[in-house]
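Have a look at the sequence and the model, then read on.

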Amino acid sequence: MTDQTREIEVTAKDLPLHCPTGATQLWCAHPRVFLDIAVTGEVLCPYCGTRYRLKAGESVKHHH
């Protein structure tokens, strides 16, 4: 990883998780990709390498 890798902490309210987020400026956006954070609590965006981490104590509820 480089020193410029971004890390973003997310909560269950931020799910479903996608990158880029709404806070990303349009000029530097890549195609939207949905990311599965439920299994490990963290995930890397395959386009930009941003690491998303589930906030400590947060749980992801699955729908049947």
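Leaving aside its neighbours within four places in sequence, which residues is T50 in contact with? The list is R6, I8, V43, L44 and C45, where contact means heavy atoms within 4.5 Å.

Before going further, a word on the ground rules. This is a predicted model, so local features need pLDDT of at least 70 and side-chain atom pairs count only at pLDDT 80 or more, while totals for chains, interfaces and linings use all residues. Residues are numbered from 1 along each chain as its sequence is written, and side-chain values use heavy atoms, with hydrogens and water left out.

**The overall picture**

- The protein has zero helices and five strands; both are DSSP runs numbered from the N terminus, with helices being H or I over at least four residues and strands being E over at least two.
- Reading from the N terminus, the elements go β-β-β-β-β.
- Of the 64 residues, 25% count as buried; that label means under 20% relative accessible area, with exposed meaning over 50% and partly exposed in between (1.4 Å probe, protein chains only).
- The accessible surface comes to about 5100 Å², and carbon and sulfur atoms hold 53% of that; such areas come from the Shrake-Rupley method with a 1.4 Å probe, and for residues only the protein chains shown count as cover.
- Take the contacts between residues at least 6 apart in sequence: 40% of them join residues at least 24 apart.

**The sheet**

- Three strands make an open sheet in the order β1-β5-β4, with mixed pairing; two strands pair if DSSP finds at least two bridges between them.
- β1 and β4 are the edge strands, each pairing on one side only.
- From one strand to the next, the twist averages 20°; axes here are lines fitted to C-alpha atoms (for helices, over the stretch in contact), and angles run from 0 to 180 degrees between N-to-C directions.
- β1 and β5 run parallel and are joined by four bridges.
- Along that pairing, E7 stands opposite R51 in β5, and V10 stands opposite L54 in β5.
- β4 and β5 run antiparallel, with three bridges joining them, and L44 stands opposite R51 in β5.

**The stretch between β4 and β5**

- The hairpin of β4 and β5 has six residues between the strands, and G49 there takes a positive phi near 80°.
- T50, the residue from the opening question, is found in the loop between β4 and β5.
- Is T50 buried or exposed? T50 is buried, at a relative accessible area of 3%.

**Salt bridges**

- How many salt bridges does the structure hold? There are three, each being a side-chain nitrogen of Lys or Arg within 4 Å of a carboxyl oxygen of Asp or Glu.
- One of them brings together the side chains of E7 and R53, at 3.1 Å from N to O.
- E7 lies in strand β1 (residues 7–10) and R53 in strand β5 (residues 51–54), so this pair ties together parts that are 46 residues apart in sequence.
- E42 and R53 also meet through their side chains in a salt bridge, again with 3.1 Å from N to O.
- Here E42 belongs to strand β4 (residues 42–44) and R53 to strand β5, so the pair ties together parts that are 11 residues apart in sequence.
- E42 forms a salt bridge with R51 as well, with the closest N and O atoms 2.6 Å apart.
- R51 is buried, at 10% relative accessible area, whereas E42 is partly exposed at 30% and R53 is partly exposed at 34%.
- Put together, E7, E42, R51 and R53 are linked in a network of salt bridges.

**The nonpolar core**

- The largest nonpolar core has 10 residues: V10, L17, C19, V33, L35, I37, V43, C45, Y52 and L54.
- Such a core is a set of buried Ala, Val, Leu, Ile, Met, Phe, Trp, Tyr and Cys residues joined through side-chain atoms within 4.5 Å.
- The elements giving two or more residues to this core are β2 (17–19), β3 (33–35) and β5.
- Leaving aside neighbours within four places in sequence, C19 is in contact with H30, P31, R32, V33, L35, C45, C48 and Y52.
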